[in-house]
Amino acid sequence: MQTLPLRIGAHQDLRAVLDTLVAQHHVDAAFVLQGIGSLSVARLRFAGRSEFTELRGDLEILTLGGSLSPDGPHLHASVADDGGRVIGGHLGPGCIVRTTAEVLVALLPRHRFRREFDPATGFDELFVKA
């Protein structure tokens, strides 16, 4: 495992930046271990729903984690609004960094992550190959 600390700057799409990492670092597997920072726009999908909910304002990233693969990221986050209310879910595209995001990624060069249909769940799920 190789760790990769990142600082993602203002106005960047957080998910889009993370989505490019596996190709940039020539690996087929990585994990976002944690992330903090701020967003001006958060797009979260809640459990059991198919659509994303968009939040706008001064938002703090409290947690960020998930897997990165050539098939795309699978990320979850929790954010707090300016009143301290916390909400979380599946992180969608269009999450815009407000000031900064500090993210720690683990690159896993000896593994390969793929998303494949799993008949047991009915969804594309993570399959790990060493």
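**Ground rules**

I number residues from 1 along each chain as its sequence is written, and I leave hydrogens and water out, since side-chain values use heavy atoms. The model is predicted, and local features need pLDDT of at least 70, side-chain atom pairs count only at pLDDT 80 or more, and totals for chains, interfaces and linings use all residues.

**Entry: strand β4**

I began with strand β4, residues 72-80. Helices (H or I, at least four residues) and strands (E, at least two) are DSSP runs, numbered from the N terminus. I looked up burial next: buried means under 20% relative accessible area, exposed means over 50%, and partly exposed lies in between (1.4 Å probe, protein chains only). Seven of the nine residues of β4 are buried, so the strand is largely enclosed by the rest of the structure.

Which strands pair with β4? I counted a pair where DSSP finds at least two bridges between two strands. Strand β3 (residues 53-69) runs antiparallel to β4, and nine bridges join them. Within that pairing, I found Leu68 opposite Pro73 of β4. The two strands form a hairpin, with two residues between them.

On to strand β5, residues 86-91: β4 pairs with β5 over five bridges, again in the antiparallel sense. Here Ser78 has Gly88 in β5 as its bridge partner. β4 and β5 also form a hairpin, with five residues between them. I noted Gly84 in that turn, where phi is positive at about 85 degrees.

**Entry: the largest pocket**

I then looked up the largest pocket, which holds about 300 Å³ of space. On a 1 Å grid over the protein atoms alone, a pocket is an open set of points where a 1.4 Å probe fits, with protein on both sides within 12 Å along at least five of seven lines; lining residues have an atom within 4 Å of a point. Grid points are joined across faces, edges and corners, and the volume is the space filled by probe spheres set on the points.

Which residues lie nearest the centre of this pocket? They are Arg45, His74, His76, His90 and Phe123, out of 13 lining residues. β4, β5 and β8 each supply at least two residues of the lining. The largest share is three residues, from β8.

**Entry: a nonpolar patch**

On the surface I found a nonpolar patch of Phe31, Leu33, Leu104, Leu126 and Val128, with about 380 Å² of accessible area together. Such a patch takes residues with over 30% relative accessible area and no salt bridge, and joins nonpolar side chains (Val, Leu, Ile, Met, Phe, Trp, Tyr) within 5 Å. The areas come from the Shrake-Rupley method with a 1.4 Å probe. β2 (30-45) and β8 (123-129) each give at least two residues to the patch. Val128 sits in β8.

**Entry: loop residues**

His11 is in the loop between β1 (2-9) and α1 (14-19). Its phi is positive, near 75 degrees, in a residue other than glycine. His11 counts as exposed, at 69% relative accessibility.

His26 is in the loop between α2 (21-24) and β2. It has a positive phi of about 55 degrees and is not a glycine.

Gly94 is in the loop between β5 and β6 (96-107). Gly94 is partly exposed, at 22%. From Gly94 to Leu44 I noted 9.7 Å, C-alpha to C-alpha, although they are 50 residues apart in sequence.

**Entry: salt bridges**

How many salt bridges are in the whole structure? The search finds six. A salt bridge here is a side-chain nitrogen of Lys or Arg within 4 Å of a carboxyl oxygen of Asp or Glu.

One of them joins Glu54 and Arg43 at 3.6 Å, N to O. Glu54 lies in β3 and Arg43 in β2, eleven residues apart. Arg43, Glu54 and Arg56 are linked in a network of salt bridges.

Another joins Glu60 and Arg98, with the closest N and O atoms 3.6 Å apart. Glu60 is in β3 and Arg98 in β6, so the pair ties together parts that are 38 residues apart in sequence. Glu60 is partly exposed at 39%, and Arg98 is partly exposed at 28%.

I also noted Arg85 with Asp81, at 2.9 Å between the closest N and O atoms. Arg85 counts as exposed, at 54%, whereas Asp81 is partly exposed, at 24%.

Technical notes. Patches are made of residues with over 30% relative accessible area and no salt bridge: like charges are joined within 9 Å, nonpolar side chains (Val, Leu, Ile, Met, Phe, Trp, Tyr) within 5 Å.
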